Amino acid sequence: MANNEELFKQIIAHAKEYGFIFPSSEIYDGLSAVYDYGQNGVELKNNIKQYWWKAMVQYHENIVGLDSAIFMHPTIWKASGHVDAFNDPLIDNKDSKKRYRADVLIEDHIQKIEDKIDKEIEKAKKRFNNFDETLYRQTNTRVVQYQAQVDDIRTRFAELMNNNDLAGLKALIEELGIVCPISGTRNWTDVRQFNLMFATKLGSVSDGADTIYLRPETAQGIFVNFLNIYKTGRMKLPFGIAQIGKAFRNEIVARQFIFRMREFEQMEMQFFVKPGEELKWFEYWKQTRLQWHKDLGIPAENYRFHDHEKLAHYANAATDIEFKFPFGFKELEGIHSRTNFDLSQHEKYSGKKLRYFDPEVNENYVPYVIETSIGVDRMFLAVFSHAFTEETLEDGSTRTVLRLPAKLAPYKVAVLPLVKKDGLPEIGQEVFDMLKKDFMVQYEDKDAIGRRYRRQDAIGTPFCVTIDNQTKEDNTVTVRERDTMAQYRLPIADLTVELMKKLR
Ligand code: GAP
């Protein structure tokens, strides 16, 4: 059984080998933290976006879509606070000349202590029957000590971050004895702030042209279109605006594959509500979004909420849905109650009223907002890493299978003539032409059938349809299921309906 680091490497290699994800500009040695989605990756990514869009826009009569531009007026980013405060604390090691995020160095240190706790618990689980984890955490001296360390560091760390205390962050790094993973030394520079927005110039001549930014989130495109959509869509509170689109952040340390990228995609929805009703809706969206994840069939123990104790100055509630990635529980999606901060800021900076007229109270007011925000790429990594499985079969052979939720699989069906002769490819082509109207279908007639099944397992195709000599006699085919490897025969005429039933 591969350890988590090894497993993660295998997942990255698999994504490349089977045409899901390639490093960007690979023939020029790549571009750090930028990736391209290959022939199978783009299908999986599109299916994730469609699953989100359906759940958010199609299934909610009061949510509509938007596709706003990436370039926006630069004052938007002043109003939103990104120009002044969208920073990460940066630190360099003077010996290796490597750059790190000071907060990530501390988080990694905490993670190492938490890993020790997990190891102790794993050992104890093997030793004792009827193991009671809560009791063990409270009574085992080593675990209690480790936990106290974690709690202490976390409290001090949160305070330093909240107070923007850069000198304090450096002092904590030194006190914890954190070394540079490359040089192994503690020879650190001071911590400084680094703005994550990419800047460029608008216009064909850069001299004197205005600085504009590549958007670091899609949300602001929604806020600045609030009035347009409210008026033209005759919307009534509560209502939402949903958007999927690219976002860009000059991450200091972009790592863990597509978990933290410099160019990525977000699926965001801003839900506008009457002031005073925001916490009720916050709870609704918390549960609704978690259910969206669970509906994929990934077991519930892979998700948890992380409620924010310290809130941003404009928020009055915030939580993350965390997912158990191969490198531990990490944020997958954020749900925030953002009060009327963004709309009020845009009122102030644009001089335009961004108000809702409430006929019930005969009053104009700035609505409050609940935001749900998830990265498409991070969602891709969540489903892909969870789906990646290596199995040993009864005969001792192994197979790699991508147990993707069927609705997200790049291809739903593969049509495979058993041999490339005797008229079987011709029948296969007819079956392909019939199925392609309803499903993404792959046709393959090269290699032995066993190898073709393995290739389809590796890209997560839920069903293979095999054409053999019996097909010529009775117009039936063999259907082979990815997860169970069960095989059964079905008439060609019933295939579409039967596959549809199964895929639902
Ligand atoms: N509008 C709110 C917002 O952007 P965020 O927590 O910064 O909030 C929301 O980002 C989501 O976007 C995250 O939960 C994550 O899924 C995704 N995300 C953020 N930064 C990312 C990055 N550098 N690479 C990939 N996904 C990222």
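What share of the 504 residues in the protein chain is buried? Buried residues make up 50% of them, where buried means under 20% relative accessible area, exposed means over 50% and partly exposed lies in between (1.4 Å probe, protein chains only).

This is a predicted model, in which local features need pLDDT of at least 70 and side-chain atom pairs count only at pLDDT 80 or more, while totals for chains, interfaces and linings use all residues. Residues are numbered from 1 along each chain as its sequence is written, and side-chain values use heavy atoms, with hydrogens and water left out.

**Whole chain**

Start with the cartoon of the protein chain, which has 17 helices and 23 strands. These are DSSP runs numbered from the N terminus: helices are H or I with at least four residues, strands are E with at least two. The C-alpha trace spans about 75 × 65 × 55 Å along its principal axes. Contact means heavy atoms within 4.5 Å. Of the contacts in the chain with a separation of 6 or more, 65% are between residues 24 or more positions apart.

**Second largest pocket**

Colour α2 (39–58), α11 (278–294) and α17 (495–503), each of which supplies at least two lining residues. The largest share, seven residues, comes from α2. By class, the lining has 17 nonpolar, six polar and 13 charged residues. Here Ala, Val, Leu, Ile, Met, Phe, Trp, Tyr, Cys and Pro count as nonpolar, Asp, Glu, Lys and Arg as charged, and the others, Gly among them, as polar.

**A helix pair**

Now show helix α5 (residues 102–127) and helix α8 (residues 166–175), which pack at an angle of about 35° with their axes 10 Å apart. The axes are lines fitted to C-alpha atoms over the stretch in contact, and angles run from 0 to 180 degrees between N-to-C directions. The crossing of α5 and α8 is left-handed, that is, the near helix is turned anticlockwise from the far one by less than a right angle. Display the side chains of Ala102, Leu105 and Ile106 in α5, which meet Leu169, Leu172 and Ile173 in α8. The residues of this contact are six nonpolar, no polar and no charged.

**Backbone stops**

Most residues other than glycine have a negative phi, and most peptide bonds are trans. Which peptide bond is cis, with omega near -5°? Zoom to the bond from Leu237 to Pro238. Pro238 is in the loop between α10 (226–232) and β9 (239–248).

Move to Ala33, in the loop between β1 (21–23) and β2 (35–37). Ala33 is not a glycine, yet has a positive phi of about 65°. Ala33 is buried, with a relative accessible area of 9%.

Then select Thr339, in the loop between β13 (328–337) and α12 (341–350). Thr339 also has a positive phi, about 50°, although it is not a glycine. Thr339 counts as buried, at 14% relative accessibility.

**Last stop**

Finish at Ala312, in the loop between β11 (303–307) and β12 (317–325). Ala312 counts as partly exposed because its relative accessibility is 35%. From C-alpha to C-alpha, Ala312 and Phe272 are 19 Å apart in space, and in sequence they are 40 residues apart.
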